[in-house]
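Please look over the structure shown here together with its sequence. The report that follows it is meant to be read with both in view.

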Amino acid sequence: MTHIHLKSKLSTSSNLLIITDKFSNSTDFSFPKEVSDYIVNELKKEDKKSVSLNHLGRYISVLVVSSKTELNSLKEKVRKHAASVTDALNALKEKEVFIYNQTKLTALSLAAAEGLALANYQFNHHITNAKKQVNTLKTITIVGASVKPNDVDQLSIVIEATYKARDLVNEPVNILNATDLADAFKNMGKHAGFSVEVLNKAKIKQLKMGGLLAVNAGSVDEPTFSIMEYKPKNPKNKNPYVLVGKGVVYDTGGLSLKPTPNSMDLMKCDMAGGAAVGCAMYAIAKAKLNVHVIGLVPATDNRPGFNAFAPGDVITMMDGTTVEMLNSDAEGRMILADALHYAKRYKPELTIDLATLTGAAAAAIGSFGIVGMGNAKQRQKDRLYTSGFNVHERIAEFPFWEEYDELIKSDIADQKNLGGPYGGSITAGKFLVKYTDYPYYHLDIAGPAFLTGKDSYRGKGGTGYGVRLLFDFFKNL
Ligand code: BES
Ligand code: ZN
Ligand code: ZN
């Protein structure tokens with residue numbers, strides 16, 4: 001972990017990230033004249049918005065922002081610049097950095113710390129000789145009185161939770177199967193203070209979770225169904241919020257087998273929604289937010305083993321309705337359907353699911369945001385979109401028109417798990433909404449959950465998408 005501190009004064013020789021709307025030298029910096037002159041001169045150059053230098057082993061980076069720009073895009077600019085500072089500091093084997101904010105926008109100090117810390121994430125514990133390449137940056141200090149200690153605490157928590165989600169996503173299935181995922185949730189519950197009950201295969205059978213059992217049929221590993229609950233004494237909400245996460249610990253496609261390159265080889269990421277739900281629970285409980293939240297994660301791998309369900313099978317789901325399974329690679333909706341049905345017992349205020357559900361979501365908007373849809377109340381949706389902008393995990397709402405219902409009608413069962421060639425994310429959402437009787441919103445994170453190349457503070461591999469979004473949503477409730 002990277003530690004974030006708050007101090008009222010700068011220490012004179014430390015590495016420095018300065019955010020400013022108009023750079024002015026300060027005695028606080030203790031810059032020799034040639035350093036301040038250099039910065040001032042560089043920033044005079046046309047279109048020059050930042051300058052970084054290494055002065056006798058002290059790394060200094062100045063980012064100029066225009067306070068007229070909309071706050072959320074400013075924050076994102078700052079996060080990204082901060083990520084480049086993290087890379088530079090690690091290359092120089094530096095241990096600490098101070099953030100000095102000359103603007104009146106306190107949020108930019110926090111955004112800088114967030115970008116620095118998130119960019120410092122590494123997944124290297126399977127490398128036997130990782131020592132050489134371990135990041136040296138350990139401490140981030142925000143200078144200034146305007147940042148509240150509670151904001152720093154919450155930021156540290158959500159960064160820790162994002163790291164955890166990235167770890168879970170990056171862990172391959174031979175190390176993290178459905179039982180291991182449930183165990184990880186149990187551990188997190190113990191540390192942060194929320195309850196975790198894990199249903200095993202016998203219990204899942206008893207509950208007749210037909211969708212989850214169908215997907216698990218071709219696997220040698222047992223499925224799990226994790227039920228997490230965080231309930232403070234006097235929560236703001238009367239009815240709980242329910243979070244549902246897709247926990248497909250590996251998706252081979254089943255008998256409808258995926259090709260390997262750029263497809264199956266990425267599919268350890270298919271529990272990213274489940275990871276986001278568990279780690280959001282962790283952050284919410286650790287920060288003691290005053291909301292009653294329940295997290296549900298159905299988990300299994302999807303494999304083409306002996307009893308694997310065959311395209312064409314008719315499956316009876318937990319709610320008693322039937323599905324014609326025409327493609328075993330559309331497995332996510334099968335396990336989520338049972339979880340959404342299970343959620344009815346809580347009479348949720350709102351249920352949000354997060355799932356790496358469709359390649360179509362990634363095809364439509366790439367990795368730059370989340371595809372969202374559902375029948376939640378408009379003010380609930382608006383709050384989600386606002387949080388999306390706040391943390392730059394933006395939601396692009398897709399239509400949820402009734403015409404799409406036609407595309408998943410089956411001749412021999414209540415519906416089929418496969419839509420037509422177009423609108424694949426929407427038909428998946430339409431499939432899921434059939435198992436709900438409460439306000440519902442579906443977040444398809446297939447695009448941004450796992451990146452094949454480094455992207456600033458989001459890194460490469462698991463991004464932890466959804467954790468910061470959900471935390472912001474509940475924080476601002
Ligand atoms: N896990 C995949 C979706 C996915 C694709 C996630 C790319 C992350 C990156 C999902 O289970 C799947 O295979 N969906 C199919 C559905 C289709 C068969 C209707 C897809 O998108 O092709
Ligand atoms: Zn699939
Ligand atoms: Zn999948």
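The text below takes up the domains and then the surroundings of the ligand.

The model is a predicted one, and the domain assignment of its protein chain gives domain 1, spanning 3–147, and domain 2, spanning 157–475. The centres of domain 1 and domain 2, taken over C-alpha atoms, are separated by 36 Å, while 19 residues of domain 1 are in contact with 17 residues of domain 2.

Ligand 1 sits in the largest pocket, where 15 residues lie around it and Lys 258, Asp 270, Asp 329, Glu 331 and Gly 359 come nearest. Sorted by class, the shell around ligand 1 holds seven charged residues, four polar residues and four nonpolar residues.

| Residue | Atom of the residue | Atom of ligand 1 | Distance |
|---|---|---|---|
| Lys 258 | polar side-chain atom | oxygen | 2.8 Å |
| Thr 356 | polar backbone atom | nitrogen | 3.4 Å |
| Leu 357 | polar backbone atom | nitrogen | 3.4 Å |

With these pairs in place, the protein buries 77% of the 520 Å² that ligand 1 exposes when taken alone.

Technical notes
Residues numbered from 1 in each chain as written. Chains lettered and ligands numbered in written order. Predicted model: local features only at pLDDT ≥ 70, side-chain atom pairs only at ≥ 80, totals over all residues. Heavy atoms only, no water. Near = heavy atom within 4 Å. Polar contact = N/O pair within 3.5 Å; in protein donor to acceptor, adjacent residues only side chain to side chain. Areas by Shrake-Rupley, 256 points an atom, 1.4 Å probe, with all protein chains shown as cover. 1 Å grid on protein atoms, 1.4 Å probe; cavity = no way out; pocket = protein on both sides within 12 Å on 5 of 7 lines; lining within 4 Å. Sits in = over half its atoms within 2 Å of the grid points. Nonpolar A, V, L, I, M, F, W, Y, C, P; charged D, E, K, R; others polar. Domains from an automatic or database assignment. Contact = heavy atoms within 4.5 Å.
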